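This report describes a protein model by its fold, its surface and a few side-chain interactions.

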Amino acid sequence: MALFRRGTAGKPGEWYYCIKHLKVEEGPECRAADRLGPYASPEEAARAMETSRERNEEWRNDPRWRDDEPPATG
């Protein structure tokens, strides 16, 4: 008897984008480590990679997250 159940996390009605299979899924199809989401609709899930790129670019340009600048003195 297994102590821990290896299942997928998620519920029907939640939408995900599977980065392993490159497709939109409803509910718990693939394992959580291979999914982005949950999203409210299949259309939002289909844009998951684009949304991720946009957010990464915003964070990359956010001055609060700049590690390459020396600390201010004074």
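The sections below cover the basis of the model, its overall architecture and selected residues.

## Basis of the model

The model is predicted; local features require pLDDT of at least 70, side-chain atom pairs count only at pLDDT 80 or more, and totals for chains, interfaces and linings use all residues. Residues are numbered from 1 along each chain as its sequence is written, and side-chain values use heavy atoms, with hydrogens and water left out.

## Architecture and surface

The protein contains two helices and three strands, arranged along the sequence as β-β-β-α-α. Helices (H or I, at least four residues) and strands (E, at least two) are DSSP runs, numbered from the N terminus.

Of the 74 residues, 19% are buried, where buried means under 20% relative accessible area, exposed over 50% and partly exposed in between (1.4 Å probe, protein chains only). The accessible surface is about 6,400 Å², and carbon and sulfur atoms account for 53% of that area; the areas come from the Shrake-Rupley method with a 1.4 Å probe, and for residues only the protein chains shown count as cover.

## Selected residues

Asp62 lies in the segment after helix H2 (48-60). Asp62 is buried, with a relative accessible area of 12%. The side chains of Asp62 and Arg64 are joined by a polar contact of 2.7 Å, that is, a pair of N or O atoms within 3.5 Å; within protein, one must be able to donate a hydrogen and the other to accept it, and residues adjacent in sequence count only if both atoms are side-chain atoms.

The charged end of Arg35 sits over the ring of Tyr16, 4.1 Å from the ring centre. This term requires NZ of Lys or CZ of Arg within 6 Å of the ring centre and within 35 degrees of the ring normal.
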